[in-house]
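Good morning, and thank you for coming.

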Amino acid sequence: MMRTSDFDYQLPEELIAQHPPKNRGDSRMMVLDPAAGSMAVRPFSAITDYFQSGDLLALNNTRVIRARLYARKDTGAKLEILLLTPSDGSTLWSCLMKNTRRTAPGTMLSLLDRDGHDSGRGVELVSKQENGNCMIRFRETDVENTLRECGHVPLPPYIRRGADLPPDAERYQTVYAKYPGAVAAPTAGLHFTTEILAELKKRGVTETELTLHVGQGTFKPVTVENIAEHPMHSEHFILTREAADQLNRTRAAGHRIAAVGTTSLRVLESVIGSDGVFTPQETDTSIFIYPPYHVRSADMLLTNFHLPKSTLLMLVSAFAGYEFVMEAYRYAVRERMRFFSYGDCMLILNRI
């Protein structure tokens, strides 16, 4: 039995990236080869050196919505809302809310624009629970326009500054983002520029896209010591017939599949059958990958550095080996690499 404490490590707070690098693609990349037991730090732009013609990138094309809202009650009290998922068409949403103790269901709340002024738009608090989970209904049916006017970029809690600095709207989004629905970015993909993707394509590397709308559960801490008892969060995903066919052709031809991010790997592991065949699906996954789980769907993994004792660190340890990954994290700290969403990344060349 592996314990949650096995995945702890010491991280100086100053290594938690508070801003993206000045230019997209300027981050550093730790290259791990579990088979050879080697690790090295290179610029991210060197990623093209590790791919061969016929290899396939699996990219998560979800788009982060402006999920953080601020509202005011008639009394003047201010509330913070973090949207999670739509529950009925587009106007009824599950969310997390702060400061709702004195707010009863049925209360109408005025939404503030990004300058903190009354926007003329509003939501109704439909229901609430003691843990902050609530249901709200937007007064206006055009939720997309409301989020455009009132929504803030939902930066993770370890980024200790306000969002909406000019770069965030662009930089907390991949260059290939298409379908809105995520409340957190698939951060491994943030490093790619259109130029790097074009260079990979020129070298014969193909791409396929899948969609997993990253939820707030990605930040949910593991609170039990026996990790097998952790209730894993669920996220919605789509793998199309075209994408499944591309994956199957790549595998049949003997080429490598590279998962860009833990979200892509979760989808691939959710749709690969016992026969090694990928099947198209649209459903939710609550797959929990941790050692000694054996990954079968991807040969390479690009991922950022993850929080101590997190399910994402457990996933990476299953892919590349627990001892090797934990040593790599200690090496990353010594190398003063930047951690978490806006930080540097890790390219794992071979799964164990």
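Let me begin with a definition: two strands count as paired if DSSP finds at least two bridges between them. Helices (H or I, at least four residues) and strands (E, at least two) are DSSP runs, numbered from the N terminus. The model is a predicted one, in which local features need pLDDT of at least 70 and side-chain atom pairs count only at pLDDT 80 or more, while totals for chains, interfaces and linings use all residues. Residues are numbered from 1 along each chain as its sequence is written, and side-chain values use heavy atoms, with hydrogens and water left out.

With that settled, strand β1 (residues 28-33) pairs with strand β17 (residues 345-348) in the parallel sense, over four bridges. Within this pairing, Met30 has Met346 of β17 as its bridge partner.

Both strands belong to an open sheet of nine strands with mixed pairing, in the order β2-β1-β17-β16-β14-β3-β12-β13-β15. Its edge strands, β2 (38-43) and β15 (281-285), each pair on one side only. From one strand to the next, the twist averages 20°; here axes are lines fitted to C-alpha atoms, for helices over the stretch in contact, and angles run from 0 to 180 degrees between N-to-C directions. Helix α4 (residues 241-252) lies across β3 (56-60), β12 (206-212), β13 (235-239) and β14 (257-260), at about 135° to β12. Contact here means heavy atoms within 4.5 Å.

I turn now to the barrel. Six strands form a closed barrel, β5-β6-β7-β10-β9-β8, with antiparallel pairing. The twist in this case averages 45° from one strand to the next. Helix α1 (residues 143-150) packs on this sheet, touching β5, β6, β7 (92-98), β8 (108-112), β9 (118-128) and β10 (133-138), and its direction makes about 115° with that of β9. Strands β5 (residues 68-72) and β6 (residues 78-88) run antiparallel and are joined by five bridges; Arg68 has Leu82 in β6 as its bridge partner.

Finally, the aromatic rings. How many aromatic pairs does a search of the whole structure find? The search finds eleven, where rings of Phe, Tyr and Trp (its six-membered ring) pair if their centres lie within 6.5 Å, and planes under 30 degrees apart count as stacked, over 60 as edge-to-face and the rest as tilted. Phe339 and Phe340 are edge-to-face, because their ring centres are 6.1 Å apart and their planes lie at 90°.
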